[in-house]
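Please consider the model displayed here.

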Amino acid sequence: MDVESFVTVLSHIDQYWSGFVRTLTTSIAALIMSFILGFTIASLRVSGIKILAFFARWYVEFLRNTPLLVQIFFLYYALPQLNIGFLNLSGFQAGMLGLTFYTAAYIAEIVRAGIQTVHSGQMEAARSSGLSYFQAMVHIILPQAFRIVIPPLGTQFINLVKNSAVLTFFAGYDLMYVADSLQGSTGEVFAVYIIAGGFYLMMTIPLSVLVNFLERKLLV
């Protein structure tokens with residue numbers, strides 16, 4: 001590894017940027033969808049409706065206890081065997097949905113734990129004052145729970161960005177895919193992956209800083 005190796009690899013910097021944008025776009029889309037889905041699953045778990053809580057619990061258990069790679073392989077290779085048009089997913093779609101479903105399971109548990117940290121008496125007081133269950137959750141319970149779950153949520157979002165590297169197995173043209181391609185075409189190993197790591201840090205460090213800022217702002 002020498003300076004010339006970095007010069008050789010950096011001559012392909014446009015490919016890194018292309019992979020960076022692809023990875024960032026996928027991560028943001030998966031982050032938004034996993035938050036919405038995770039939040040919904042958590043709400044079902046604490047809804048008190050047994051059948052909904054049962055399915056929500058098993059969703060979490062199944063997704064958390066099977067490898068992410070297996071889940072994406074299932075979406076990409078197994079679902080098309082059903083010969084249903086909209087289930088024929090591209091590598092990008094399968095990767096993004098896999099990341100979403102997998103991350104949502106962890107977010108659901110984090111949010112559920114946050115909700116259950118809020119004393120049950122507050123829900124009872126809100127309901128006795130005339131608020132519906134939904135209104136009590138939105139106006140009383142969730143604002144308190146949100147402050148509690150910011151640190152673990154931030155960690156999970158950073159994990160999502162790092163987990164996006166699995167897209168390389170599905171021709172997602174993400175950052176890791178670009179790094180692997182350059183490693184093959186240039187023969188440089190250290191420089192290729194050190195630079196790829198630097199691009200991942202460009203995504204995870206701002207996210208980490210944002211989480212720390214929110215923690216201080218909300219005095220978690």
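Visitor: On what basis are the values computed, and what pLDDT is needed for local features?

Guide: Residues are numbered from 1 along each chain as its sequence is written, and side-chain values use heavy atoms, with hydrogens and water left out. The model is predicted: totals for chains, interfaces and linings use all residues, side-chain atom pairs count only at pLDDT 80 or more, and local features need pLDDT of at least 70.

Visitor: How many salt bridges are counted?

Guide: A salt bridge is a side-chain nitrogen of Lys or Arg within 4 Å of a carboxyl oxygen of Asp or Glu. By this rule, the count is 2.

Visitor: Which residue forms a salt bridge with Arg45?

Guide: The closest N and O atoms of the pair are 2.5 Å apart. The pair links distant parts of the chain, helix α2 and helix α5 (residues 91–117), across 64 residues; helices (H or I, at least four residues) are DSSP runs numbered from the N terminus. The partner of Arg45 is Glu109.

Visitor: Is Glu109 buried or exposed?

Guide: Buried means under 20% relative accessible area, exposed over 50%, and partly exposed in between (1.4 Å probe, protein chains only). Because its relative accessibility is 12%, Glu109 is buried.

Visitor: How are α2 and α3 oriented to each other?

Guide: Helix α2 (residues 13–45) packs with α3 at an angle of about 135°, their axes being 7 Å apart. Angles under 35 degrees count as roughly parallel, over 145 as roughly antiparallel, 65 to 115 as roughly perpendicular and the rest as oblique. The two helices, α2 and α3, are therefore oblique.

Visitor: Is Phe55 buried or exposed?

Guide: Phe55 is found in helix α3 (residues 50–64). Because its relative accessible area is 54%, the class of Phe55 is exposed.

Visitor: What is the distance in space between Glu188 and Ser5, C-alpha to C-alpha?

Guide: Glu188 is located in the loop between α8 (175–186) and α9 (190–218), and at 21% relative accessibility it counts as partly exposed. Glu188 and Ser5 are 183 residues apart in sequence, whereas their C-alpha distance in space is 6.5 Å.

How values were computed:
Axes are lines fitted to C-alpha atoms, for helices over the stretch in contact, and angles run from 0 to 180 degrees between N-to-C directions.
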